[in-house]
Amino acid sequence: MVIVLLLLMLGQGKPAKNKDRFEALVSNSFNNKINASLTTTGALKMSFAKGQSLETLTREEKAFYNVLNQASTATDRAGRAVDVELKVVFSPQGHEKSLVMIGQYATGKIDLDDIENNFGINSEDNTELTQKALLGHEIYEQYMKQSGMALRYRGAHSVALFEESKMSGMEREDGGSRDWVVAGKSKGLIYTQKLDGKTFNIYTDKYKNIQKVEYGN
Ligand SMILES: [Zn+2]
């Protein structure tokens, strides 16, 4: 039995559904070798499924496990335990959601829609970049921030990217964003990224919800 003290503030909209979604996201990230559940106070608990252990996890699953474990045992500079908190953005649309692309460093908010979207980012051998890599990245950033190890976004983001590559098995590079214009009309933003050296574009609408992902220039 492993207990991760990762507090999740459930959204006001459909908290039960968000709870199910978050639990499924974590369990699926371990290919159900680990079962995740949230307590009523939002702490994440994990337990290995029958016959499973650290030894049966893949390298990527183990990397995700390590991130959760580090977050769950976080301490501040004075050595006091810190609960790393994430807040789920719940509404399907709206201003709040338009601020959060996957996660928002300053507020600790995450958007389950973006993470569940699975990005369609696949190198041939890894079709699930992947929910665990994206979720783990956000958790690691918040861990760095809330424990006081990194206070600025840049520093936290760069170490989170390093952890992410272990969780996805791929190297990712940020390439910035530009307007997504179709027939003279603005539809949102295109985020350009590189995965293992290949360029891909993530198209988001005005709420920063992912609409599609395409390899390209
Ligand atoms: Zn980041």
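In the predicted model, helix α2 (59-72) buries E60, A63, F64, Y65, V67, L68, A71 and S72; a residue counts as buried when 20 or more other C-beta atoms, placed from the backbone, lie within 10 Å of its own, as exposed when there are 12 or fewer, and as partly exposed in between. Helices (H or I, at least four residues) and strands (E, at least two) are DSSP runs, numbered from the N terminus. The 14 residues of α2 reach 20 Å from the first C-alpha to the last, close to the 20 Å expected at 1.5 Å a residue, where the expected span is 1.5 Å times one less than the number of residues. Residue numbers start from 1 along each chain as its sequence is written. Because the model is predicted, local features need pLDDT of at least 70 and side-chain atom pairs count only at pLDDT 80 or more, while totals for chains, interfaces and linings use all residues.

The protein contains six helices and eleven strands. Of its 217 residues, 36% count as buried. Among contacts in the protein with a separation of 6 or more, 51% come from residues 24 or more positions apart; a contact requires C-beta atoms, placed from the backbone, within 7 Å.

The largest nonpolar core has 34 residues, a nonpolar core being a set of buried Ala, Val, Leu, Ile, Met, Phe, Trp, Tyr and Cys residues joined through C-beta atoms within 7 Å. V67, A71, I110, I139 and Y143 have the most contacts inside this largest core. Two or more residues are given to this core by each of α1, β3 (34-38), β4 (44-48), α2, β5 (84-89), α4 (112-116), α5 and α6. The most come from α5, with seven residues. Another core, of seven residues, lies apart from the largest one and includes M170, I202, I210 and V213.

Helix α6 (residues 153-168) has 16 residues and reaches 21 Å between its first and last C-alpha, close to the 22 Å expected at 1.5 Å a residue. Its buried residues are A156, A160, E163, E164, M167 and S168. These cover an arc of only 130° around the axis, which puts them on the same side of α6; the arc is that of the directions from the helix axis to the C-beta atoms. The cover over the buried residues of α6 includes α2, α5 (130-146) and β8. On the face turned away from the buried side, α6 carries the exposed residues R154 and F162. G169, with a positive phi near 80°, follows α6.

Strand β8 (residues 172-182) is hardly covered, and the count of buried residues among its eleven residues is zero. The strand pairs with β9 (residues 185-195) in the antiparallel sense over nine bridges; pairing requires at least two DSSP bridges between the strands. The bridge partner of R178 in β9 is I190. Two residues lie between the strands of this hairpin, in which A183 takes a positive phi near 50°.

L25 is located in helix α1 (residues 15-29). With 18 other C-beta atoms within 10 Å, L25 is partly exposed. Not counting residues up to four places away in sequence, L25 touches L112, I115, E116, Q131 and L135. L25 and I115 are 90 residues apart in sequence, and their C-alpha atoms are 8.6 Å apart in space.

The loop between α1 and β3 includes N31 and N32. Although N31 is not a glycine, its phi is positive, at about 55°. N32, likewise a residue other than glycine, has a positive phi near 60°. N31 counts as partly exposed, with 16 C-beta neighbours inside 10 Å, whereas N32 counts as exposed, with 12.

The protein averages a pLDDT of 84, and 84% of the residues score at least 70; pLDDT is the predictor's confidence in each residue, from 0 to 100. Confidence is highest in α6, at a mean of 95, and lowest in strand β1 (residues 2-4), at 45. Over residues 123-128 pLDDT stays under 50, and the model has eight contacts beyond four places in sequence for this segment. Where pLDDT is low, the predicted coordinates should not be read in detail.

Technical notes: Two residues are in contact if their C-beta atoms, placed from the backbone, lie within 7 Å.
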